[in-house]
There are 2 protein chains.
Amino acid sequence: MPKKRILPYVLLGLINNKGKLSGYQISQEFKNEVGEFWHASHSQIYPELARMKDDGWVKDEDDGKSTYYLITDNGQQVLRSWLEEPLSKTGELFSLKLYFIKDKSDSLLKSLIRQELEIKLDKLTHLKKRLKTVFFSDKQIEQNYGHYLILTRAIERETNHVKWLRTNI
Amino acid sequence: MPKKRILPYVLLGLINNKGKLSGYQISQEFKNEVGEFWHASHSQIYPELARMKDDGWVKDEDDGKSTYYLITDNGQQVLRSWLEEPLSKTGELFSLKLYFIKDKSDSLLKSLIRQELEIKLDKLTHLKKRLKTVFFSDKQIEQNYGHYLILTRAIERETNHVKWLRTNI
DNA sequence: GTCAACATGTAATAGGTTACATGATTAC
DNA sequence: GTAATCATGTAACCTATTACATGTTGAC
């Protein structure tokens, strides 16, 4: 299967978050928090918006200065079903999807956190196993100190993340 | 300027860490910790190794079953000067470079941690400012709850990271 | 008036993935 | 013997970046 494209959903999510956005404004949005999880240059954004309009995901509204894009009912459904797709272990889409959830009481919020928790608990188990098997002696630590640091740091980081997920479930 | 290629340095770093590796073994390595920071498929690895051999960064050693690659003195220098390039704010190469430092007493270790600390302190300041400006009222939080969560989580995460960097300096 | 920022678009290129191919070895 | 894994390589395709291009608006 071809690799799943994320960009159109990101644009859809951004437009949905803000109500309406121009291509230029979207490119500026990537300088903010969402830029931590996804990025796109204007040369990608404009053609993508045109495609999305063709597909009926968005409609445009021109004020003579900028072309703004608004999400359609169809687009809402498309965004929603993308958000509802289960998180894959490799995808790293948790934060991105979270960013697109506006309402605190949206049931998807808890669902995403639960999914992420399960994935991260597995990962934590795996990392701890790796630490034991790879660094079974002080000699291993000394000879691959950088690797040792990032592995122990990863365990700390994931432990903190799991703790946060648990308090927000 | 064209975007800086990372892949050859990653292959060089992996070969340097392990002594010698075949193309196949390198592709397997990406299933381990280093895969968190970089990935390459075998169709990228084999041609890249051939180029690196042409450039004199590595030499090969065939046992009839696999072709193993070993780093040359030239390759050592190339790897070292890449590791010594200052970290860029956007690059996210800290963990990757750390992974390639074998010796605990290598002065580069402290240097990398110091650089990362500076970058992350700036980022933390920026995130805290964003929190104040974007979420100045409860209404903003309620209407963009996902965004609020990832922003507050990012502040927590970076705070922890800074703490870790400080204890490892 | 000119420099930065706003605003949109296309073309060339690089980087990376999936698919296509092939053959050897090992475990069952 | 046959399925999984080892092992390497190329071709086609897609994505995304940089460069090229152009015009407007607002600040100083």
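This is a predicted model: local features need pLDDT of at least 70, side-chain atom pairs count only at pLDDT 80 or more; totals for chains, interfaces and linings use all residues.
Of the 169 residues in chain A, 46% are buried.

## Fold and dimensions of chain A

Eight helices and three strands make up the secondary structure elements of chain A. Their order along the sequence is α-β-α-α-β-β-α-α-α-α-α. Chain A is more spread out than a compact globule, because its radius of gyration of 20 Å is well over the 15 Å that the globule rule gives for 169 residues.

The C-alpha trace of chain A spans about 70 × 35 × 30 Å along its principal axes. Among contacts in chain A with a separation of 6 or more, 59% are between residues 24 or more positions apart.

The side chains of chain A include 28 positive and 23 negative groups. The centres of these two sets are 6 Å apart.

In chain B, strand E2 (residues 58-62) and strand E3 (residues 67-71) run antiparallel and are joined by five bridges. Within this pairing, Glu61(B) has Tyr68(B) of E3(B) as its bridge partner.

Four residues lie between the strands of the hairpin formed by E2(B) and E3(B). In this hairpin, Gly64(B) adopts a positive phi near 90°.

Note on methods. Residues are numbered from 1 along each chain as its sequence is written. Chains are lettered from A and ligands numbered from 1 in the order in which they are written. Side-chain values use heavy atoms; hydrogens and water are left out. Two strands pair if DSSP finds at least two bridges between them. Helices (H or I, at least four residues) and strands (E, at least two) are DSSP runs, numbered from the N terminus. The radius of gyration is taken over C-alpha atoms; the globule rule is 2.2 Å times the number of residues to the power 0.38. Buried means under 20% relative accessible area, exposed over 50%, partly exposed in between (1.4 Å probe, protein chains only). Contact means heavy atoms within 4.5 Å. Lys and Arg count as positive and Asp and Glu as negative; His and the chain ends are not counted. The place of a charge is taken as NZ of Lys, CZ of Arg, CG of Asp or CD of Glu.
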